[in-house]
Amino acid sequence: MKVFIDADKCQGHARCAQLAPEAFGLDNEGHGVVLSETVEESYESVVRNAVANCPERAIWIE
Amino acid sequence: LDAVVTRDASDEIDLDFFFHHFNPYEQTFADQLQEAIPDLLDRCPVARSDDFGGFWVVSSYAEVMAGYQDWRTFSSAIEKNIVPLRPGQPVKPPIDLDPPLQRRYRQLLNPFLTPARVATLETHIRTMIVDLIEEFIDDGQVDLARQFSRKLPARMLYRLLFGIEDTDVPKVQEWLRVINYDPRNPKARDCEQALLGWIRRTLADRRAGPRQDDMLDALLHADIDGELVSEDEAVGTVLILILGGFGTTADMISSVMLHLAQREDLQHRLRSDPGLIPFALDEFLRFEPPVSGQSRICRRDTVIGGEEIKDGDRVFFLISAANRDPAEFDQPEVLDIDRSPNRHLAFGIGPHRCIGSNVARLNLRVSLEELLGRTETFHITPGERVRRDASVAWGPAYLPLTFTSAPAAAAGQDGSRPEDGARRSS
């Protein structure tokens, strides 16, 4: 599984970093960044949870 | 929420008001909004109010989200306001601007308000919170709105974010009260001018003083597209930081405590597992967003829910209703702290997402940790009526609670750190 953030859509709600700190960090402005594009299997469920809770619908998985 | 704690149960919901004469500054709005929301969503998701010269009220989650995200169609220019502009009313960057200029201000200010940056304030904030609680903990009764919720964010904002003393808070608070809750009062203009004068003096003091690594200095010395931020722009920016930072967090703390006061089961659950608090907060934010909505001005003809919205029309996007839309949330009328997903819009959505959301989250979390940790139980004082003031802002203005303090409160006074306990069990 791979995970991506659309930087134009992200507005810094920071929900992803709160719900899945294993997979997401925040940049200098507090906007979400993917720590590793390829998601370790053990993190897949928390990443899906972060995707489902992003208000801007800025995160997607492939 | 038990409706009778805020109004007479015998009062009928005035749907005509919500469908045709919607006005956030009427007491009907403050008393009946939450109960009117299911009918608004179901029967009138795009309402037309005849107040303030006429404006639209949009309620559904999908349309509220789309409206806030589509800043090209729905502009934030100051003409968006449903309350008529007062002479001399300043433009407040970034909230009264559209991208790309709006974005430049956010790039300037956001770094001071990230979760990591505000985390450095936690110890100070906890001390302020504990100090406020100590003032009433032995009394057994408190008006939590006046004695706690409304004191904390002001103190925090001045001392920690602006780096100045908070001796002027009482008079600033009174100006803000008139501006926020009574905008049609003839005195509102004078209050606004007094507040602007106070901000100008504060900024002049900071310009004359040593350089500090904080938001005010970032603003005073900023370079936006090759130009310094002007005096008026700096004043307008500080004005919105104050307007946005004072009342909203206070209202939210009181709203959460109002619900917990009626739900001993939730009090117990959060006391025994404080690690749940940050997640429970999102459900409280969904259920009682402290900003009921914001307006925009339409810049090109469009259609929402079958209604033709014209270039120049003003639209009020009702976050309180969107947060209870069954198309987005299962059983929206149920307060469920385990709800997931929970993509509530309490902090807004799109480029104007609340700039202080991380500060608010920190204040809320630590307030709840300490208020729950230092009480054994609390409830609404029998015979008392909780009161809300009419405003776009939403929260209890009077919150009479009766409580039993926890033995642990004594431990807090002898120098131990109650937050350590909260952490361990999380």
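Guide: Two strands count as paired if DSSP finds at least two bridges between them. The model discussed here is a predicted one.

Visitor: In which sense do strands β7 and β10 of chain B pair?
Guide: Strand β7 covers residues 293-298 and strand β10 covers residues 314-318 of chain B. Five bridges link these two strands, and in one pairing B:Q294 has B:F317 of β10(B) as its bridge partner. The sense of the pairing is antiparallel.

Visitor: Which strands of the five-stranded open sheet of chain B stand at the edges?
Guide: The order of this sheet is β1-β2-β10-β7-β3 in chain B, and its pairing is mixed. A strand at the edge has a single partner strand, so one side of it is left without a neighbour in the sheet. The edge strands of chain B are β1 (46-49) and β3 (74-75).

Visitor: What angle does the direction of helix α3 of chain B make with that of β10(B)?
Guide: Helix α3, residues 61-69 of chain B, packs on the five-stranded sheet. There α3 touches β2 (55-58), β3, β7 and β10 of chain B. Its direction and that of β10(B) make an angle of about 125°.

Visitor: Which residue is the bridge partner of B:Q141 in β14(B)?
Guide: A three-stranded open sheet of chain B has the order β4-β14-β11, with antiparallel pairing. Its edge strands are β4 (141-143) and β11 (375-380) of chain B, each with a single partner strand. β4(B) and β14 (residues 400-405) of chain B pair over three bridges. The partner of B:Q141 is B:T402.

Visitor: How much area is buried between chain B and chain A?
Guide: The contact takes 26 residues from chain B and 20 residues from chain A. In chain B, the residues losing the most area to chain A are B:F279, B:R343 and B:R353, together 27% of what that side buries. Carbon and sulfur atoms give 44% of the total between the chains, which is about 1700 Å².

Visitor: How many salt bridges does the rule find across the interface of chain B and chain A?
Guide: A salt bridge requires a side-chain nitrogen of Lys or Arg within 4 Å of a carboxyl oxygen of Asp or Glu. The side chains of A:R15 and B:D282 meet in such a bridge, at 3.7 Å from N to O. Across the interface of chain B and chain A, the number of salt bridges found is three.

Definitions and conventions: Residues are numbered from 1 along each chain as its sequence is written. Chains are lettered from A and ligands numbered from 1 in the order in which they are written. This is a predicted model: local features need pLDDT of at least 70, side-chain atom pairs count only at pLDDT 80 or more; totals for chains, interfaces and linings use all residues. Side-chain values use heavy atoms; hydrogens and water are left out. Helices (H or I, at least four residues) and strands (E, at least two) are DSSP runs, numbered from the N terminus. Contact means heavy atoms within 4.5 Å. Axes are lines fitted to C-alpha atoms, for helices over the stretch in contact, and angles run from 0 to 180 degrees between N-to-C directions. Buried area is the accessible area (1.4 Å probe) that two parts lose on being put together, summed over both.
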